[in-house]
Structure formats: structure tokens, C-alpha cells
Amino acid sequence: MSELALAMFAASRDMHATDRESRTARFAAFVASFDDAAELRRLAEGGYSWIGRSEAAFPARLKAIHDPPPGIFLRGAAPDEIFVRPAVAVVGARACSDYGAHVARSLSRELAAAGVVVISGLARGIDGWAHRGCLEAGGETVAVLGCGIDRDYPRAHAALAREIGERGLLVAEYPPGVAPAPWRFPARNRIVAGLALATVVVEARERSGALITADLALEEGREVLAVPGEITSALSQGANALLRLGATPVTCAADVLEAIGIEPPTSEPQGPAAGSAAAIVLAGIEAGASTVDQIARATGLTPGEAAGALVELELDGRVEVRAGIYRR
Amino acid sequence: MIARAVTHALVGLEPRRVEVEAHVELGAPKFAIVGLADRACQEAKERVRSGIESAELDWPGNRIIVNLAPADLRKEGPGFDLPIALALIAASGQIPIGCLAGHSAVGELALDGRLRPVPGSLVAAEGARRNGSHRLVCAAESGPEVALAGIEPIPVRHLSEAVAYFRGHGDPPAPAAASSADRSPVPPDLADVRGQERARRVLEIAAAGGHNLLLAGPPGIGKTMLARRLPGILPTLDDSAALEVTRIHSIAGVLDPGAGLIRTPPFRAPHHTASAAAIVGGGSNPRPGEATLAHRGVLLLDEMPEFARNVLEALRQPLEDGVIAIARVGGRCTFPAKFQLVGTMNLCPCGGRGDAAAGCSCSPQALDRYRDRLSRALLDRFDLVVALPRPRAAELAGAPSEGSPAVRDRVLIARTAIVMRSKMSPEGEELLGRAVERLPLSGRGRAKVARVSRTIAALAGAQSIAAEHVAEALSYRSPAELGR
């Protein structure tokens with residue numbers, strides 16, 4: 001009996017027989033008729049690969065959790081060595097705020113710049129921004145799917161999934177063809193937490209999938225960090241609750257790097273030249289101005305000049321804009 | 001006896017010569033109109049009869065046939081009343097039979113013989129001039145409109161005045177002075193807008209470059225107010241454009257009688273419940289829609305995502321080609337529709353996005369659905385897309401803002417500068433390349449930024465397009481919130 005057969009059977013309809021005998025019998029029949037070589041060939045034709053739990057290439061961190069999957073299906077360009085590199089899971093709410101999106105993105109960007117692999121679940125909201133931030137910094141990111149390895153779920157992230165595959169990896173414990181189902185996502189979360197050295201919760205409601213990931217990480221003795229949020233916002237309750245329970249607060253990427261024992265890159269990137277429009281605008285944002293009009297008023301620039309300077313800062317990754325509101 | 005009068009029917013925007021032949025002969029009393037006359041035109045019988053009797057003329061109580069030639073052209077509307085009446089009066093010998101030569105006529109009759117103006121008098125007048133008529137008999141109100149076409153109007157208030165003119169009693173009533181002055185209402189002034197400096201800036205750029213503009217932001221921040229002020233900072237229409245616009249508005253019947261040539265760029269703001277036919281034009285005998293009425297002016301789609309999808313998609317052809325081609329079983333026609341499109345929308349269905357105080361409570365799915373209402377192809381037609389967050393109250397309490405005339409002066413100067421097509425500087429090229437690399441910016445997006453930066457350079461009076469112009473243009477690209 002191979003691990004591949006186990007994974008295939010686990011995802012098949014026969015798994016859900018009600019009585020024990022029947023399931024055992026079905027499994028025996030399934031294994032008897034299972035052709036490993038043919039199945040691997042079919043996977044390879046689809047552009048997917050497979051690592052069994054007993055193989056040397058299987059991620060050691062994932063193997064260490066108490067219920068690792070029998071193996072994982074992979075899609076993407078990154079070599080298996082990606083699992084050896086330091087990795088951090090960045091997870092959070094699907095319905096995130098602009099603030100949460102901004103934090104997830106810039107945090108992932110800085111983590112990627114420090115050579116860390118960012119792991120997340122390809123979901124909407126925080127997950128998506130974590131992947132994007134990592135890609136923007138030229139880093140590699142791993143997306144763990146809660147469905148078959150061939151699916152891009154949610155469909156809105158199909159383009160993102162393609163981009164992730166070009167440099168990073170998509171991982172699933174389910175073979176091609178398996179539809180996403182609500183109960184597969186908590187199971188997916190254990191792989192997210194398992195692959196990572198530490199888990200960062202950016203924004204989460206009181207009962208959130210991200211908290212499941214954090215719990216799983218805690219159970220495995222991995223570091224859990226949380227980004228503090230507004231105490232009045234329902235979106236921050238989960239993350240703030242974690243902090244109350246003793247999670248490490250994240251105020252910058254260095255906090256995360258420190259938690260996994262990596263020296264943060266010391267060379268501060270060069271700021272804009274003093275006295276340039278960009279520097280003046282940056283100072284204006286620090287002083288609390290957030291729209292082009294406010295920045296123009298605070299700095300004495302025309303709205304056109306301010307907008308131009310903001311674009312330069314945006315291209316350098318120093319500010320970010322959402323709905324016309326600029327943030328550092 | 002047979003008598004002929006000449007008038008013009010409208011086919012799309014074009015006048016077609018129609019001969020009205022009246023034949024009065026002995027026989028049992030009868031009155032028939034033949035030649036594909038529609039309902040309103042058939043009903044001319046009652047109006048003409050009553051009108052002729054009210055003018056104290058004799059109703060020829062014999063067999064009367066009126067033929068509208070060419071017989072295969074559909075005739076619509078009440079504008080045939082006057083030519084029918086004149087042909088009848090001539091055929092019954094009450095005015096000299098040859099006196100209608102060289103004249104054309106258009107107008108609706110009231111039961112008491114008074115004349116009413118009809119839509120499209122300007123086009124009928126142009127047709128009359130082209131077909132060799134020297135004078136056009138029309139309702140008094142239509143006089144100035146007819147004069148714009150370069151033909152002498154015979155404006156009459158009553159059928160009896162027209163008869164007096166043809167009998168040679170009394171000179172033709174003095175035509176009202178052909179007014180080419182614009183008496184259309186003055187568009188609202190930009191001085192009314194407090195704060196919103198970025199929005200004012202982008203409005204100026206839109207006016208200078210003729211760019212389509214999409215304003216997105218929470219409700220109540222003045223998006224519509226700003227959009228309504230765009231016509232006031234656009235250059236006035238030159239003679240041929242003014243005539244073209246006036247002609248279209250005349251046909252649609254929205255021309256203010258006596259308003260003269262329309263010099264201010266038209267502004268149309270259809271409601272979001274409008275049908276595709278109402279926007280792009282339609283009907284079995286196609287009539288111009290809002291897009292054509294906005295020709296050489298501004299078409300505002302307020303709350304753009306609320307418009308029906310097929311309406312928005314129908315606008316893509318005119319946005320690309322500047323014309324609308326309508327094909328019907330009865331034939332096809334082309335309406336001009338070169339307008340500047342201004343759209344407004346919220347950033348999310350609840351409207352809270354971009355509003356620091358309210359915050360947004362929309363689910364990601366609801367957001368996606370909202371964005372999907374605008375197709376990528378349509379979004380690509382907007383050179384300028386600006387997210388306007390809600391300003392703080394203090395920002396609105398500033399000094400009075402600059403008025404429209406000052407802005408329009410700058411726009412006029414920039415328009416002449418744009419024609420010279422300034423070159424992109426190496427620094428600008430480098431910045432544009434960097435932006436394409438860093439931002440989600442497509443090839444089409446790049447071309448849009450290049451266009452807008454040319455306009456910005458022209459407004460700045462610069463010889464070449466510098467990096468700062470490109471940088472500002474980049475700030476008006478579609479924000480990520482509207483992308484997919």
C-alpha cells in the first residue's frame with residue numbers, strides 16, 4: 001500500500017461509507033486495483049508532483065506535526081528545497097480592512113526581502129495580500145489549498161495563483177479534481193501552520209479560521225505572533241485575544257524575524273533626498289495627512305505636485321494607497 | 001386642379017425632400033392622404049380642415065387627394081400640416097397656383113389656424129436650401145432657427161398670414177434677426193466648489209485633454225456637482241460644431257425656441273434607469289439618444305454601476321468611433337456621438353469605502369460583484385480615474401475657489417499646446433518603464449498614462465513631457481480597488 005493510494009482514497013467518495021467493514025473492504029479493493037506508476041504519470045502530465053510522507057524530500061517541519069498528511073501534491077516552479085528555508089505563515093480574515101491588507105502586504109514584503117518564505121492559504125483578504133506582498137519583493141511564497149491541487153480557489157485569485165506558481169509553490173493534500181468544502185479548510189490550516197516556523201495573525205474576528213491556524217501552531221509548539229488592532233473593531237478581536245493569551249505582538253517585520261532567530265537586514269534602505277518633494281510629502285503623511293488634498297495643504301505643494309510625489313513614493317514601496325487614502 | 005408644395009422629412013439626421021401634391025376634383029366629398037403617412041400625419045386631415053376654415057378660407061367640399069411623394073418614404077409627425085394646407089389652398093384656386101414655387105414649408109396647425117413650431121425645423125431648412133428653395137414658410141417661433149441654415153424664413157403666426165403673403169398682400173413679416181449668439185443657460189461655476197483641490201485639478205486636465213473621467217468616492221462629497229461644472233470650463237463650440245449640435249437638438253425637440261446657435265458644449269445626464277435605446281438612440285425610424293445629444297459635449301453617467309450592463313456596453317462603440325450606427329429592418333443610419341464621458345460611482349456598494357468616519361461593511365463577494373458591473377473594456381475607456389476620499393469638514397471652510405472663466409483660459413491655452421505634440425523626455429520614459437514594471441499597468445494603461453502626461457505638460461506650458469508630468473498622470477490610473 002502506497003502513501004499515494006492512501007491520499008487518493010482519502011479524497012475519494014468511497015471514504016465516506018457509513019459502516020466500518022464496508023470501508024475497510026472498499027479500501028482493500030481500491031489498493032488492489034491502484035497503479036502507482038500510472039497515477040504518478042497522470043499527475044506529471046497535469047504538471048503536478050507528489051511527495052510521500054516517507055520520502056526524504058517531505059518537509060521536515062510538516063512531518064513533525066501530530067497528524068501530517070500521507071503526502072502532498074505540488075504545483076509550481078520552486079524546488080523542494082523551499083521547504084528547508086525559514087518560513088512564516090501570514091494569515092487572517094477574508095473580509096479584512098484596508099489597514100489589515102496594508103499590514104499583511106508590507107509585512108510580507110519585508111519578510112521576503114529578508115529571505116523568508118511566506119506561507120498562506122490563497123484565500124481572499126489577508127491571505128491574498130500576504131502572497132502579493134511577498135511576490136512584490138521578489139520572494140517565494142507557498143500557497144496551501146483547501147481543495148484539489150488543480151483548482152484555483154477562490155477563482156478571483158486564479159491570476160495570483162499563476163503568479164505564485166511561477167516562482168513559488170502551491171501545495172495541497174488533495175489530488176486533482178477535489179472540490180473545496182468547508183471542512184477541508186481547517187485541515188488545510190494545519191499544513192499552513194506545520195510548514196511554518198511561526199504564524200502571524202494579522203486580522204481575525206473572534207471565531208476565525210486564522211485562529212484555528214494559530215491554535216494548531218501552538219499545539220505544535222511553534223511561535224504565534226499577532227498584529228495589534230483597534231480594540232473597538234470586531235475585525236481585531238481575534239488577534240487582540242491572542243495577544244492577551246501571550247502571543248508576541250508584531251509592530252514591525254523585525255519582531256517576526258527575531259522570533260524565528262533571523263538577524264534583520266541592518267542596511268536601512270535609502271530615504272528620499274532631503275528637501276525633495278517626496279521627502280516633504282512623506283513628512284506630511286507622518287504628520288497625519290492622508291489624502292492628496294490634505295497632503296497638499298500640509299506641504300504647500302499643488303495637488304498635482306503632491307500626487308506626482310506620492311506616485312514616486314508608491315513605486316519605491318514607501319507609501320500605499322487604498323480608496324484615495326495614503327499610508328506609510 | 002393639382003397644386004404642389006415642398007417640405008422635408010427627417011431620416012435619421014438627414015432631410016429628405018417631400019413633395020406634397022393636392023388634387024381637388026369633382027366628386028363625392030372625400031379627403032384622403034396617401035404616401036406612407038403615420039398616425040400623426042394622417043390626423044393632419046382634421047387639423048388642416050379646421051385650420052383652413054378658421055383662416056376664413058373655403059374648404060373645397062369635393063374629392064380631395066393629398067399625395068406625399070416619394071411614396072415609399074415613411075412620413076412622421078405633424079410638420080406636414082402647413083404644406084398640405086398650402087397645397088390645398090392653391091389647388092382650390094384661393095392663392096395663385098404658381099406662387100408656391102421656390103418655397104418650402106414646415107409647421108403644425110392648431111385648430112384655430114395658428115402655427116406651431118415642430119422639431120427639426122433647422123434640418124428642414126438646410127434641406128430646403130440644398131434643394132433650391134429660396135424661402136421657408138414656418139412658425140414664427142422657428143424663424144431664428146431656420147435663419148441659421150442660411151435660408152430666408154417666412155415666419156407666420158397664423159395660416160391667414162401665410163395666405164396673405166402668397167397673395168402678395170403685405171410683405172413677408174420681417175424675419176427675426178438671425179441670432180448666432182448663444183442664449184442657452186450658463187453652466188454652473190466652479191467657484192461654488194469648496195475644497196476638493198485634487199478633483200478640481202483632474203477636472204481641468206479632463207477639459208484640457210478631452211479625457212474621459214471617472215470619479216469614485218463615498219456619497220455626498222460632490223462628485224456630481226463637479227461633473228456638472230465640466231461644460232463651463234470647456235472651449236465654446238466653433239461655427240460648424242455649433243451648427244451640428246444645434247441641428248441634433250432641433251431634431252430631438254430639445255432646442256429652446258429662439259435660443260440661437262448652441263455655443264456651450266451640451267451636457268446630458270440620463271438617469272440610470274434609462275434603456276439602451278434611450279442612450280444610444282433607436283426606434284423603427286431611429287431617433288438620436290442621449291449619447292448623440294451629448295455630441296461635442298459631456299455625457300454624465302451618475303452612479304455608473306447602477307446602469308444596466310447592456311446600456312454601458314452599448315456605449316463602447318461610440319466611445320471608440322465617435323458615431324453610433326443603428327441598423328433597422330427599414331435601413332440603417334449613423335448618428336454622431338463624439339462626447340466626453342464622465343462617470344461617478346461609489347467605491348463599494350455600501351458607500352463607506354474612502355470615508356474614514358464610516359468605514360466599509362461590504363463582504364468581499366459583494367465588492368467583487370460591484371466591480372464586475374463595470375467591464376474591464378469600459379473601464380479602459382477612462383483615461384482619468386480618481387478615488388476621492390471624504391474630505392474633513394475643515395477642508396471645506398477655505399477661501400472661495402477659483403471660478404470657471406480662469407480655469408477655461410488655461411484649458412484653451414493647453415489645447416493649442418497639445419496640438420504641437422510635445423516629446424517624452426528620457427526621465428519621463430524611464431519613470432513610465434519603472435511604473436509598468438512595478439504596478440499592475442497594461443499596455444493600454446501605459447498608453448493612457450502617456451496621453452494624460454502630454455495634457456499635464458501642456459497645462460504646465462512645458463516643451464517636453466518631464467518625469468513630474470508622468471508621475472502625476474500615474475496618480476490618475478485605475479486604482480486597485482476597481483481592478484480585478
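Author: Begin with one pair of residues. A:Val88 stands opposite A:Val118 in strand E4 of chain A. Before we go on, note that this is a predicted model: local features need pLDDT of at least 70, side-chain atom pairs count only at pLDDT 80 or more, and totals for chains, interfaces and linings use all residues. Residues are numbered from 1 along each chain as its sequence is written, while chains are lettered from A and ligands numbered from 1 in the order in which they are written.

Reader: In which sense do strand E3 and E4(A) of chain A pair?

Author: Terms first. Helices (H or I, at least four residues) and strands (E, at least two) are DSSP runs, numbered from the N terminus. Two strands pair if DSSP finds at least two bridges between them. Here E3 (residues 87–91) and E4(A) are parallel, with three bridges.

Reader: How does the chain cross from E4(A) to E5(A), and with which hand?

Author: Look along the strands as they point away from you. If the path from the first strand over the helix to the second runs clockwise, the crossover is right-handed. From E4(A) the chain passes through helix H6 (residues 126–136) of chain A to E5(A), a right-handed β-α-β crossover. E3(A), helix H5 (residues 98–113) of chain A and E4(A) also build a right-handed β-α-β unit.

Reader: Are the residues of strand E4 of chain A buried or exposed?

Author: Count C-beta atoms, placed from the backbone, within 10 Å of the residue's own: 20 or more others make it buried, 12 or fewer exposed, and anything in between partly exposed. Strand E4 (residues 117–120) of chain A is covered on both faces. A:Val117 and A:Ile119 are buried on one side, A:Val118 and A:Ser120 on the other.

Reader: At what angle do the axes of H5(A) and H6(A) cross?

Author: Two packed helices are described by the angle between their axes and the distance between the axes. Axes are lines fitted to C-alpha atoms, for helices over the stretch in contact, and angles run from 0 to 180 degrees between N-to-C directions. H5(A) and H6(A) cross at roughly 35°, and their axes come within 7 Å. Contact means that the C-beta atoms of two residues, placed from the backbone, lie within 7 Å. Among the residues that meet are A:Gly100, A:Ala104 and A:Leu107 in H5(A), and A:Trp129, A:Ala130 and A:Gly133 in H6(A).

Reader: In what order do the nine strands of the open sheet of chain A run?

Author: The order is E1-E2-E6-E5-E4-E3-E7-E8-E9, with mixed pairing. Strands E1 (49–52) and E9 (248–249) of chain A are at the edges; each has a single partner strand, so one side of each lacks a neighbour in the sheet. E1(A) pairs antiparallel with strand E2 (residues 71–75) of chain A over four bridges. One bridge partner is A:Gly71 in E2(A), for A:Gly52. Helix H9 (residues 209–219) of chain A lies across E3, E7 (198–201) and E8 (223–226) of chain A, at about 155° to E7(A).

Reader: What of the open sheet of four strands in chain B?

Author: Its order is E1-E2-E4-E3, again with mixed pairing. The edges are strands E1 (2–11) and E3 (30–34) of chain B; each has a single partner strand, so one side is left without a neighbour in the sheet. From one strand to the next the twist averages 20°. E3(B) runs parallel to strand E4 (residues 63–69) of chain B, joined by five bridges. B:Ala32 has B:Ile65 in E4(B) as its bridge partner.

Reader: How many residues of chain A are in contact with chain B?

Author: 22 residues of chain A touch 27 residues of chain B. On the chain A side, helix H13 (292–299), helix H14 (303–315) and strand E10 (320–322) are the elements that give two or more residues. H14(A) gives the largest share, eight residues.

Reader: How is chain B divided into domains?

Author: Domain bounds come from an automatic or database domain assignment. Chain B has domain 1 (2–166), domain 2 (190–400) and domain 3 (420–484). The C-alpha centres of domains 1 and 3 of chain B are 59 Å apart. Helix H16 (residues 404–419) of chain B holds B:Val419. B:Val419 counts as exposed because it has 7 C-beta neighbours inside 10 Å.

Reader: And chain B as a whole: how many helices and strands?

Author: 19 helices and 18 strands. Of its 484 residues, 50% count as buried. The C-alpha atoms fill a box of roughly 90 × 45 × 40 Å along the principal axes.
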